[in-house]
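Subject: A structure for you to look at

Hello,

Here is the structure I promised to pass on. Please open it and keep it beside this message while you read.

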Amino acid sequence: MIATDTVECGHLKIDMLTRRFFVGSNFIFLRNKEFSLITFFVKNMGRVVSRTQILEEVWDRNIFCPTNTVDVHVSSLRRKMKKHFKHDLIKTVHCVGYIFEI
């Protein structure tokens, strides 16, 4: 396996080839957009990203959807990760967007 096929960040591991997400040794099932979203957050760790930036990168630049679509998917992703962490890794930056920090 080529090193770029796997992204690791702390206890998180993203296998890009199989599209699998792990926290430690625990596999967490993610839907397609959730997988794309966690990949985007890990690649932009420590940076504040706006809902519009997320829509443009995770969805399609030419698609029109309300920004609360991002909120719904982030909420779902948080719920799935909450079982494995004491605090949220995805923090809301009010009136701006989100920041992913470990």
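Let's begin with helix 1, where the buried residues are Glu34, Phe35, Leu37, Ile38, Thr39, Phe40, Phe41 and Val42. Please keep in mind that this is a predicted model. Helix 1 is made of twelve residues, and from its first C-alpha to its last it reaches 17 Å, close to the 16 Å expected at 1.5 Å a residue.

What does helix 1 pack on? It packs on a sheet, touching strand 5, strand 6 and strand 7, and its direction makes about 70° with that of strand 7. The sheet is an open one, with three strands in the order 5-7-6 and antiparallel pairing. At its edges are strand 5 (48–50) and strand 6 (90–93), each of which pairs on one side only. From one strand to the next, the twist averages 35°. Strand 5 is joined to strand 7 (residues 97–100) by three bridges; look for serine 50, whose bridge partner in strand 7 is glycine 97. Helix 2 (residues 51–58) also lies across strand 5, strand 6 and strand 7, and runs at about 75° to strand 5.

Now for the inside. In soluble globular proteins, nonpolar side chains tend to be buried together. Here, the largest nonpolar core has 28 residues, and Phe21, Ile38, Phe41, Ile54 and Phe100 are those with the most contacts inside it. Among the elements that give two or more residues to this core are strand 2 (12–15), strand 3 (20–23) and helix 3 (68–82). Helix 1 gives the most, with six residues.

Last, the aromatic rings. A search of the whole structure finds four aromatic pairs. One of them is phenylalanine 40 with phenylalanine 41, a tilted pair at 6.3 Å centre to centre and 55° between the planes. Why does the pair of phenylalanine 41 and phenylalanine 100 count as stacked? Planes under 30 degrees apart count as stacked, and the planes of these two rings are at 15°, with the centres 6.1 Å apart, so the pair is stacked. This pair links distant parts of the chain, as phenylalanine 41 is in helix 1 and phenylalanine 100 in strand 7, 59 residues apart. Phenylalanine 41 is buried, with a relative accessible area of 1%, and phenylalanine 100 is buried with a value of 1%. Together, Phe40, Phe41, Tyr98 and Phe100 form one aromatic cluster.

Happy exploring!

Conventions
Residues numbered from 1 in each chain as written. Predicted model: local features only at pLDDT ≥ 70, side-chain atom pairs only at ≥ 80, totals over all residues. Heavy atoms only, no water. Pairing = 2+ DSSP bridges. Helix = DSSP H or I, 4+ residues; strand = E, 2+ residues; numbered from the N terminus. Axes fitted to C-alpha atoms, helices over the stretch in contact; angles between N-to-C directions. Contact = heavy atoms within 4.5 Å. Expected span 1.5 Å × (residues − 1). Buried < 20%, exposed > 50% of the residue type's maximum accessible area, 1.4 Å probe, protein only. Core = buried A, V, L, I, M, F, W, Y, C linked by side-chain atoms within 4.5 Å. Phe/Tyr/Trp six-rings, centres within 6.5 Å; stacked < 30°, edge-to-face > 60°.
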